[in-house]
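Subject: Handing over the model

Hi,

Here is the model I promised to pass on.

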Amino acid sequence: MRVSEAPTNTIPLLTPYKMGQFHLSHRVVLAPLTRNRSYNNVPQPHAILYYSQRTTKGGLLISEATGVSDTAQGYPETPGIWTKKQIEAWKPIVDAVHAKGGIFFCQIWHAGRVSNPGFQPNGQDPISSTDKPIKGTEYTFPRRLGTEQIPQIVNDFMIAARNATEAGFDGVEIHGAHGYLVDQFLKDHVNDRTDQYGGSLENRCRFALDSVEAVADEIGSDRVGIRFSPFADSMDCGDSNPRALGLYLAESLNKYGILYCHMVEPVGIFKNKR
């Protein structure tokens with residue numbers, strides 16, 4: 001029998017799955033895909049059609065990366081969720097997904113040093129765990145966050161999660177991968193701090209885990225996922241021991257009881273094995 005003729009109940013991807021409180025009818029998930037069509041960082045009405053076309057009853061969708069604050073942007077016309085206008089713009093998009101029986105999570109994101117003053121409020125330099133720029137790119141030198149400033153960024157993630165819930169999303173996925181701000185704290189090729197957010201593995205993971213805790217406390221751990229890419233070196237953001245980093249993160253997340261951990265296994269993993 002050809003695969004195309006097999007009964008759907010024998011194809012694992014098309015079998016149901018209970019993900020916490022969410023009953024998925026199948027295991028095919030819409031991954032977050034940046035669209036660069038949210039003019040002035042506000043989702044547009046055409047996104048109603050875009051997301052609803054990709055919705056199936058009981059299917060899980062993860063939104064495109066959505067900025068947690070006005071310092072979070074690094075690309076043109078990407079959406080945010082830090083203003084009332086943005087929240088209101090997301091509502092009909094989320095409603096359209098729910099109308100077709102879909103489950104919709106908002107990926108909340110901060111680009112960190114993957115940015116330029118043109119994307120930042122008042123033309124300031126982008127923030128990061130470090131003041132080192134991304135090698136071989138046109139990105140500018142970032143501003144190293146002071147120890148006392150980091151809780152405010154954690155708070156931005158928490159508020160973004162609250163706003164996503166107000167917009168109607170079923171949960172959030174914290175973007176902790178691909179060289180963006182959370183990853184800039186995690187990876188020792190970038191994080192050169194000497195305070196409680198740098199140095200040891202535990203310290204480098206502190207920002208990520210503080211953000212998870214704040215978001216989980218705000219909207220409930222059963223509505224929270226996080227994405228990591230420990231083996232990747234995206235945006236000049238690599239680590240000397242990615243296996244230890246990934247294992248430590250996974251083990252540490254257990255105590256928060258979050259819904260899922262979205263791990264990315266890129267081509268770079270094979271480079272590290274050679």
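**Helix α6**

Let me start with helix α6, which covers residues 206-219: its 14 residues at 1.5 Å a residue should span 20 Å, and its end C-alpha atoms do lie 20 Å apart, so the two agree. The expected span here is 1.5 Å times one less than the number of residues in the helix. Helices, here and below, are DSSP runs of H or I with at least four residues, strands are runs of E with at least two, and both are numbered from the N terminus.

Before going on, two notes on where this comes from. The model is predicted, so local features need pLDDT of at least 70 and side-chain atom pairs count only at pLDDT 80 or more, while totals for chains, interfaces and linings use all residues. Residues are numbered from 1 along each chain as its sequence is written, and side-chain values use heavy atoms, leaving out hydrogens and water.

Back to α6. Which of its residues are buried? They are Phe-207, Ala-208, Leu-209, Ser-211, Val-212, Val-215, Ala-216 and Ile-219. Buried means under 20% relative accessible area, exposed means over 50%, and partly exposed is in between, with a 1.4 Å probe and protein chains only.

Setting aside neighbours within four places in sequence, Ala-214 is in contact with Val-154 and Met-158 (contact means heavy atoms within 4.5 Å). His-189 is 25 residues from Ala-214 along the chain, and their C-alpha atoms are 26 Å apart.

**The whole chain**

Stepping back, the protein chain has eight helices and 11 strands. Its radius of gyration is 19 Å, close to the 19 Å that the globule rule gives for 274 residues, so the chain is as compact as a globular protein of that length. That radius is taken over C-alpha atoms, and the rule is 2.2 Å times the number of residues to the power 0.38. The C-alpha trace spans about 55 × 45 × 35 Å along its principal axes. Of the 274 residues, 51% count as buried. Among contacts between residues at least 6 apart in sequence, 73% join residues at least 24 apart.

**The largest pocket**

How much space lies in the largest pocket? About 190 Å³. A pocket is an open set of points on a 1 Å grid over the protein atoms alone, where a 1.4 Å probe fits, with protein on both sides within 12 Å along at least five of seven lines; lining residues have an atom within 4 Å of a point. Its volume is the space filled by probe spheres set on the points, which are joined across faces, edges and corners.

The lining consists of Tyr-17, Met-19, Leu-24, Arg-27, Val-29, Leu-60, Ile-62, Leu-259, Tyr-260 and His-262. Strands β1 (17-19), β4 (60-62) and β11 (260-263) each supply at least two of the lining residues. By type, the lining divides into eight nonpolar, one polar and one charged. Nonpolar covers Ala, Val, Leu, Ile, Met, Phe, Trp, Tyr, Cys and Pro, charged covers Asp, Glu, Lys and Arg, and the others, Gly among them, are polar.

**Some loop residues**

The loop between β7 (127-128) and β8 (143-144) holds Phe-141, and Ser-129 is found in the loop between β7 and β8 too. Phe-141 counts as exposed because its relative accessibility is 57%, while Ser-129, at 0%, counts as buried. Beyond four places in sequence, Phe-141 is in contact with Asp-125, Pro-126, Asp-131 and Pro-133.

Met-235 lies between β10 (224-228) and α7 (242-253), in the loop. Its phi is positive, about 55 degrees, although Met-235 is not a glycine. With 25% relative accessibility, Met-235 counts as partly exposed.

His-178, in the loop between β9 (171-176) and α4 (181-186), is a residue other than glycine with a positive phi, near 60 degrees.

Cheers
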